[in-house]
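Me: I would like to learn how to read domains, interfaces and sheets in a model. Please take them one at a time.

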Amino acid sequence: MPAPNAAPDATTDDGRTVLDARDIGRALTRISHEILERNKGASDLVLLGIPSRGVPLAERIAERIASVEGYDVPVGSLDVTMYRDDLRMKPARALLPTQIPGGGIDGRTVVLVDDVLFSGRTIRAALDALNDIGRPKAVRLAVLVDRGHRELPIRADFVGKNLPTSLVESVRVRLQGIDDVDAVTIQGSTEGEVA
Amino acid sequence: MKRHLLSAADLSRDDAELVLRTAEELRSLADRPIKKLPALRGRTVVNLFFEDSTRTRISFEAAAKRLSADVINFAAKGSSLSKGESLKDTALTLEAMGADAVVVRHSASGAPHRLANSGWVRSSVVNAGDGTHEHPTQALLDAFTMWRHLGSLDGRRVAIVGDVLHSRVARSNALLLRTLGAEVTLVSPPTLLPVGIEGWPVETSYDLDAVLPKADVVMMLRVQRERMHGGFFPTAREYSRRYGLDGRRMATLQDHTIVMHPGPMVRGMEITADVADSDRSVIVEQVTNGVAVRMAVLYLLLGGSEPAVSTEGLSE
Amino acid sequence: MTTYLIKNASILGAEPTDLLVADGVVEQIGSDLSVEALSSVETIDAQGLIALPGLVDLHTHLREPGREDAETVESGTRAAALGGFTAVHAMANTEPVADTAGVVEQVWRLGREAGYCDVYPVGAVTVGLAGERLAELGAMADSAARVRVFSDDGKCVSDAVLMRRALEYVKAFDGVVAQHAQEPRLTEGAQMNEGELSGRLGLAGWPAVAEEAIIARDCLLAAHVGSRLHVCHVSTAGSVEIVRWAKAKGWDVTAEACPHHLLLTDELAATYDPIYKVNPPLRSATDVEALRAGLADGTIDIVATDHAPHPHEDKDCEWAAAAFGMLGLETALSIVQETMVDPGLLDWAGVAERMSHAPARIGRVADHGRPIEVGAPANVVLYDPAARRTVEAAETASLSRNTPYAGMELPGRVVATFLRGRATVLDGKLA
């Protein structure tokens, strides 16, 4: 499916662009409002991004919340490497940063933020990791892209874009700060080029 | 990373930095209510200590347990003279118990190499100190401590002072610090420097007072009084006077310079109480860092299907 | 006794010729020999083979009495025969020590009974090898074993006065003191050659000076009292120079080098595998070169194996706990070919001198080390220099397995060994 207002490079070897920089910005703004709506405000929220790309997303959501509510929601990161269920299937992996904001998570509403929701295993690992850190009042999940194919009973509370994909395709999220551009692309599609 | 950690030379720069970064992440575990991670659940780590060392053994034990590994402690009396319970027989017994890693400390240089290469065990071997040869996890925790205080070690000047000849800590540190880009100077009386030291990637000096003002790190090594009887120095008093770190010498250090010691200290011999207890001294912190570093080593060796492959850029 | 017609053998590398071995002696040498068949005649095709006089080892450990778990006189002499030796000198550091006529005669008799090789026991210099007082050297010399070589090998006769007395005393029976040169105080707890590598490996160093200082002292002592001196297992370049200097002065000093010191260096200790642990230790490449040059120019008179068997558990452990020593009898000739003959440093006549004539002379052994000529006792080795074989530790004839050459491919193969005309080895196997 061609993306709305596709960028000129829609059909390069990088795959099809399904979200460009503006799309991403709008999605994050909407997610931020939805979080505030659901939580009835910004108090008791903690945003934890799952490294690597969940972290800048969490930071951007926090910025938007701050500009709307005038309130600085604590932001941190939660590395799930050690809780992965496929840990023993590959060589030991380097750990990514875990930074729990100073107030901790006990009794708060934690919003996990990740770029792509796929099998659900990463989120399951994140829930296990949170369990060893404290006891939140509630845990919610915000993702930029939900590409389907869940293998566990996990669902996102806040979704930037629902993106049905086939298993042979891969979804690639790039974000300024880690990459050189904001874009979500799909590669490996067996469909033809732009219709 | 290689399957075994026998020598500091087994670590490339990438490997060493991976260990340090991993240790940094693991260090914060000490602040959590549940000080455990599941990464080594179901793995068995054996502490095979042929030399008395409560401190190092406890450090490895804590590290393994915090990663949810099962720990078996084996303390054997085995001097290099008596064979008694032989290294080989002990190793075969442990292999039968299904050890994933064997942490071994032994009075004979090269004992961990024999364990790793003899085919007696299939597990990863971690050298926790062999004779006068090496103590790689000590060098890693020392480097980690330096890094936390000084940042990158490139071009940093580290002075290691004391009985280099008999020190496995000196050997491992000289190798690892060089790998991480630091410049090492060994300070010692001539009798306590090994023959052939000119071939090591280090500077040497007999003059402690000349070296101290330029150092970013001063690491004092333990000197045993019994060495007096081997003729290595005439009296403990003369040794302290010429090579001990006291308050007067400490005052010649730069503001940022830290003082380290692998422990246990011989207060009054190589280091005085006022230096050991001063703000510059990071000796207690070294012990805390030891657990995090050893957790990092165990995780990187055992946490996956094979030891970690260290590459720049962390993939998902 | 079987008569052997050996056809087309190359004696010391010369043109092929035939030898007739009968009644314990070399009866004829010539081309196209034929035989009147009085007793059975076995013909051996020696095309391509070198004929050498039976090798004589001045330094072997047979371990019996006392350490029969490592080796016995029988197993050791079988290994010797396979290595081309017809005579070996068995060192005295047995249990009990060979410091009396009784023990040396026992060892000598065991050798005769086994029948693979003549055994000449070496007598200890001091009682119990303790380095305190002289053993009954005269009694051992007069015994059936006719001891002429005395050594505390394994330990050094470090007391200067005691060494002087020993050098003087043996003159009475044309004996020789063979010194194991190792200053004990400089080598307390030593594990490997002292150098840059020992510092890195954390293994206590064994300085070259511990060997050289004793050799220098003993050469001076021997000269002073007018005695002859033999230096065991020279291992350093400095030692070679000191021996060269002593000989230049006209002093009666002889020296030996072991095959492992001609080939292996201390780099092997980096494996921490105690198969490479030996006394004196493996040295540097410079030392190895100097030893080869010294053996070539005759400064080092002989090759001696210092064959030192150890049971498996004494080597299958950490370095510091392991015993010192390597096997040597079965591989000596191949190592000499590899390190000296093939590179052109020594020819086969030189090998005969270093491994047969000279050791027999030093040991005052009359029946061995004689040139292969008509009328001489038929102590002969047939050796195939063109063969190549891989050393298998599991296949040693020795009871022990501690060979440092396991898995190595070496040149040459002993095809046949004759001890006084009787074949102890035929077709590369014990006869």
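The dialogue below goes through these features in turn.

Me: What kind of model is this, and how are its parts numbered?

Reply: This is a predicted model, in which local features need pLDDT of at least 70 and side-chain atom pairs count only at pLDDT 80 or more, while totals for chains, interfaces and linings use all residues. Residues are numbered from 1 along each chain as its sequence is written, chains are lettered from A and ligands numbered from 1 in the order in which they are written, and side-chain values use heavy atoms, with hydrogens and water left out.

Me: Which domains does chain B have?

Reply: Domain bounds come from an automatic or database domain assignment. For chain B it gives domain 1 (8-133 + 290-302) and domain 2 (136-286). Their centres, taken over C-alpha atoms, are 25 Å apart.

Me: How many residues of the two domains of chain B are in contact?

Reply: Contact means heavy atoms within 4.5 Å. Here 29 residues of domain 1 of chain B touch 26 residues of domain 2 of chain B. Buried area is the accessible area (1.4 Å probe) that two parts lose on being put together, summed over both. Between these domains of chain B it is about 2,200 Å², with 62% from carbon and sulfur atoms. On the domain 1 side, Ala8(B), Arg13(B) and Leu20(B) lose the most area to domain 2 of chain B, together 27% of what that side buries.

Me: How many salt bridges cross the interface between the domains of chain B?

Reply: A salt bridge is a side-chain nitrogen of Lys or Arg within 4 Å of a carboxyl oxygen of Asp or Glu. The rule finds three across the interface of domain 1 and domain 2 of chain B. The side chains of Glu51(B) and Arg168(B) also form a salt bridge, at 3.0 Å from N to O.

Me: What do chain C and chain B bury between them?

Reply: The buried area is about 1,700 Å², 52% of it on carbon and sulfur atoms. Arg200(C), Tyr272(C) and Glu318(C) supply 35% of the area that chain C buries against chain B, more than any other three residues. Each chain brings 21 residues to the contact. Three salt bridges are found across this interface. Arg114(B) forms a salt bridge with Asp273(C), the closest N and O atoms being 3.6 Å apart.

Me: What is the strand order of the open sheet in chain C?

Reply: Strands (E, at least two residues) are DSSP runs, numbered from the N terminus, and two strands pair if DSSP finds at least two bridges between them. In chain C the order is β9-β10-β13-β14-β15, with parallel pairing. The edge strands β9 (149-150) and β15 (302-303) of chain C each pair on one side only.

Notes:
Helices (H or I, at least four residues) and strands (E, at least two) are DSSP runs, numbered from the N terminus.
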